[in-house]
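Keep the sequence and the coordinates side by side.

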Amino acid sequence: MLQQPAFGRRLRKLRQARGLSQTALAGDGMSTGYLSRLESGARQPTERAVAHLAGRLGLEVADFEEPAGGSLAHALTLAASTGSDAAMETLREALAAEGHETPVLRWQALWHLARQRRVQGDHTGEREYLEELVRLGDQVGLTALRVRGLTRYARCLRSLGEITGARDAATTAHRLAQEDELEADDRAAVLLALVSVEAEAGRMPDARAHADELVALVMGRSDAVWAEAMWTAAAVLVRQGDHATAQAHLEEALEKFDSGEDLVLWLRLRTATGRLHLQKRPPDPEAAERCATQAESALAFVGTPGLRQELTALKADLAFLTARYDDARVLLGELAQAQPMMTYRDRMRLDILRHQLRIRSGDDSGVQGLRALAEQAQADANIDLAADIWRILAESLVESTGERGTAASGA
């Protein structure tokens, strides 16, 4: 039997969590006055009333009882200490049940839930939590929380290919961090996001200046923040054509960063280094293969779908570069069968490779496909990616023309 006043408090929290007014929840089957008395604890709920409200909220009657994890604070403690799927589900339920009277706790809960989505490669789901987290950060009024929320939101939008929004969020976070002179870790996190979105927006002078600022800020460290800073600075150098310095940055990170601190980052550093070996001129496929092998050995411990897809994509690029076109097609086929858990840029890279393979096989639709991708990247304000696609298209056309000319002369 559901007892008052616990039922009323629970009912009010569930209603507010869904953004419903008392009138909207009551509907035609209940008066607003009666619902108000239920929420205040002045009336004991009947079975009929509980069933009606459960139907309106899309819940089971049992959901009106306190969640198994207890309070939001209790659920948050479990999630922070274990990080298990069960603990995260309890946290999600507790967050839905809580109202808005504990903004700092809600912010922390949203942070953990968004992080879980990010690790899973579900950037769309991550964005939903982060949008609420950013709004809540503005309400709380703590600059550090506002900056952290905006920074993570910027990185999420970048992963989704929404470069303009990502740059706005990162720029705002950078300004707030400077104005309040936040700690080095917060400022470094902001710069990591800002440099990435500036580079993808084609604002290379700004990206390089902020990358230099980032490297100077973390100088003397060897932790995860430092390793990611070296990776980010290397990415800017690659875009500027300085592959030698970029490789030096990544090799330093590979040498000094301990996998025990963050195995996911350790794995991704090797994937990034492998990709660099394919991008530099001349490419070094043997070095890229070594990086892929090292990364694959770590997948047994942190084998999330997103990480597996990143590594498979690297292997597909490696197969294409070494003229193993059938292998590349097989790997792309594996990726096509899975739910994509990759960033916008990585998904575009796969489409680029598919069209390159078409061109190699004499299918002119590959040319039109690359042109469409370049135009899409430009429309998405991802200027750096668009320029890269136009370059690949030009190189593919030159290679295709050369091969046809050789075939014709041989005939």
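**A walk through the helices**

Ala-49 is found in helix H4. Helices here (H or I, at least four residues) and strands (E, at least two) are DSSP runs, numbered from the N terminus. Ala-49 is buried, with a relative accessible area of 5%. Buried means under 20% relative accessible area, exposed over 50%, and partly exposed in between, with a 1.4 Å probe and protein chains only. Not counting residues up to four places away in sequence, Ala-49 touches Met-30 and Tyr-34. A contact means heavy atoms within 4.5 Å. The C-alpha atoms of Ala-49 and Leu-142 are separated by 41 Å, and the two residues lie 93 residues apart along the chain.

This is a predicted model, in which local features need pLDDT of at least 70 and side-chain atom pairs count only at pLDDT 80 or more, while totals for chains, interfaces and linings use all residues. Residues are numbered from 1 along each chain as its sequence is written, and side-chain values use heavy atoms, with hydrogens and water left out.

Met-30 comes up again at Leu-35. Leu-35 sits in helix H3 (residues 32-40). Its relative accessibility is 0%, so Leu-35 counts as buried. Beyond four places in sequence, Leu-35 touches Leu-11, Gln-22, Leu-25, Ala-26, Met-30 and Leu-53. Ser-400 is 365 residues away along the chain, and its C-alpha lies 72 Å from that of Leu-35.

Follow the chain past H4. Val-61 is in the loop between helix H4 (47-57) and H5. What contacts does Val-61 make, not counting residues up to four places away in sequence? Val-61 touches Val-50 and Ala-54. From Val-61 to Ala-51 the C-alpha distance is 6.5 Å, across 10 residues of sequence. Val-61 is partly exposed, with a relative accessible area of 44%.

Now turn to the largest nonpolar core. A nonpolar core is a set of buried Ala, Val, Leu, Ile, Met, Phe, Trp, Tyr and Cys residues joined through side-chain atoms within 4.5 Å. The largest has 37 residues, and Leu-91 and Val-147 touch the most other members. At least two residues each come from helix H5 (72-82), helix H6 (85-97), helix H7 (103-120), helix H8 (123-140), helix H9 (143-159), helix H10 (163-179) and helix H11 (184-200). H9 gives the largest share, 7 residues. Val-147 touches Ala-173, Leu-176, Ala-177, Leu-182 and Val-190, leaving out residues up to four places away in sequence. Apart from this core lies another, of 36 residues, with Leu-191, Met-230, Ala-295 and Leu-311 among them. In soluble globular proteins, nonpolar side chains tend to be buried together.

The loops hold some backbone exceptions. Most residues other than glycine have a negative phi, and most peptide bonds are trans. Glu-181, in the loop between H10 and H11, has a positive phi near 50°. Glu-181 is exposed, with a relative accessible area of 68%. Ala-381 also has a positive phi, near 70°. Its place is in the loop between helix H20 (365-379) and H21. A cis peptide bond joins Arg-281 and Pro-282, with omega about -5°. Pro-282 is in the loop between helix H15 (263-279) and helix H16 (285-302).

Thr-343 lies between helix H18 (325-337) and helix H19 (344-360). Leaving aside neighbours within four places in sequence, Thr-343 is in contact with His-123 and Ser-159.

Step back to the whole chain. The secondary structure comes to 21 helices and 0 strands. Along its principal axes, the C-alpha trace spans about 90 × 50 × 40 Å. Buried residues make up 47% of the 411 residues. Of the contacts with a separation of 6 or more, 61% join residues 24 or more positions apart.

Finish with confidence. The mean pLDDT (the predictor's confidence in each residue, from 0 to 100) is 89, and 94% of residues reach 70 or more. Where pLDDT is low, the predicted coordinates should not be read in detail.
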